[in-house]
Amino acid sequence: MKAKELCAMNSYEEKKQRRIDYYNEKAEKLEQESGRLAKESSEMVSAIPPGQPLLVDHYSYKADKNYRDRAWNKMDKSVEVGKKADYYRSKAEAAEKNTAISSDDPDAVTKLKEKLQKLQDFQSYMKKVNAYYRKNGTMKGFEGISDEKAAEIDEAVKSGYSWETAPYAAYRLSNNNAEINRLKKRIASLERREETGFVGWQFEGGEAVANSEENRLQLIFDEKPTEEQRSKLKGWGFRWSPSNMAWQRQLNGNAIYAAGQIDFIRPLDGRTPRELQPKPKAKNEQER
């Protein structure tokens, strides 16, 4: 991707695009390597006289066998490398198709509100369509729907299940409304997080950092944790990040709770990680 296009992205989108580019570049290099190995193998095999068997009692047997083994090993390697190329290509495609809004995205609230508005508009539209149909017994004459399309909708309702008495079934409105409520709760949660924030703490042998830019709770140890400690960190959702030199997980209330269950990262002042966190402002304080 061009530098100008990257500049138009926020930090999260840029990081995502760089990951996609990395996967594609990795796949391309592996595809080239697979092709090279396959070509070399074919060239080696073509040098063997057609139908020429291995002559077990001949002085050339060992050299001939080694040559053939190298040829077939190259082909096996080509297939193996090709599978790795397919793996990275599929990861790139999956990342590109993933339109989920991550909490790591600094524009997550804005994007979620835009998505919420579309769902709310669609909910209103479905209700309007159903009300028109129930009143008129047809969709003909409804603004924005052609007579041909209206006839298709009318036929679909008539030939559908007996309990479906309108173009949009009750479950469609119910599911859409459930998604609206889910988004409202998620937006409220993210807004509380942005307003309140999280704080880190010192613990014996290290520090917990509430990295809001990376949206990660990061545990930085003075010395490498023991095998038992690493096992416990993994059990509570923390993963080692070589680039950040820290054990980390997404920064949210669940991360703070998880940290509170790990005895060797307890704050030095004796409080729990949750007790250290700022308290959300009361609703009347927010409205002042």
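Visitor: Is the crossing of H2 and H3 left-handed or right-handed?
Guide: The model is a predicted one. In it, helix H2 covers residues 11-46 and helix H3 covers residues 61-97. Where the two cross, the handedness is left-handed.

Visitor: How are H2 and H3 directed relative to each other?
Guide: Their axes come within 7 Å and cross at roughly 160 degrees. Angles over 145 degrees count as roughly antiparallel. H2 and H3 are therefore roughly antiparallel.

Visitor: How many bridges join S2 and S3?
Guide: Strand S2 spans residues 206-211 and pairs with S3 in the antiparallel sense. Among the paired positions, Glu 207 has Ile 220 as its bridge partner in S3, and Ala 210 stands opposite Leu 217. The number of bridges is six.

Visitor: Which residue in S5 does Gln 218 stand opposite?
Guide: Strand S3 (residues 216-221) and strand S5 (residues 246-250) run antiparallel and are joined by four bridges. The residue in S5 opposite Gln 218 is Gln 248.

Visitor: Which residue in the turn between S1 and S2 has a positive phi?
Guide: S1 and S2 run antiparallel and are joined by three bridges, with Phe 203 opposite Gly 206 in S2. The two strands form a hairpin with two residues between them. The turn residue with a positive phi, about 90 degrees, is Gly 205.

Visitor: Is Asn 215 buried or exposed?
Guide: Asn 215 lies in the loop between S2 and S3, a hairpin with four residues between the strands. Its phi is positive, about 55 degrees, although the residue is not a glycine. The relative accessible area of Asn 215 is 3%, and the cut-off for this class is under 20%. Asn 215 is therefore buried.

Visitor: And Met 245: buried or exposed?
Guide: Met 245 sits in the loop between S4 and S5 and has a positive phi near 55 degrees, in a residue other than glycine. At 55% relative accessibility, Met 245 counts as exposed.

Visitor: Which side chain does the side chain of Gln 123 make a polar contact with at 2.7 Å?
Guide: Gln 123 is in helix H4 (residues 108-136) and counts as buried, at 8% relative accessibility. Leaving aside neighbours within four places in sequence, its contacts are Leu 173, Asn 176, Asn 177 and Ile 180. The side chain of Gln 123 reaches the backbone oxygen of Leu 173 at 3.1 Å. The side chain contacted at 2.7 Å is that of Asn 176.

Visitor: What separates the C-alpha atoms of Lys 115 and Leu 183?
Guide: Lys 115 is also found in H4 and is partly exposed, with a relative accessible area of 37%. Not counting residues up to four places away in sequence, Lys 115 touches Ile 101, Glu 179 and Leu 183. Lys 115 and Leu 183 are 68 residues apart along the chain, yet their C-alpha atoms are separated by 8.4 Å.

Key. Residues numbered from 1 in each chain as written. Predicted model: local features only at pLDDT ≥ 70, side-chain atom pairs only at ≥ 80, totals over all residues. Heavy atoms only, no water. Pairing = 2+ DSSP bridges. Buried < 20%, exposed > 50% of the residue type's maximum accessible area, 1.4 Å probe, protein only. Polar contact = N/O pair within 3.5 Å; in protein donor to acceptor, adjacent residues only side chain to side chain. Contact = heavy atoms within 4.5 Å. Axes fitted to C-alpha atoms, helices over the stretch in contact; angles between N-to-C directions. Parallel < 35°, antiparallel > 145°, perpendicular 65-115°, else oblique. Left-handed = near helix turned anticlockwise from the far one by under 90°.
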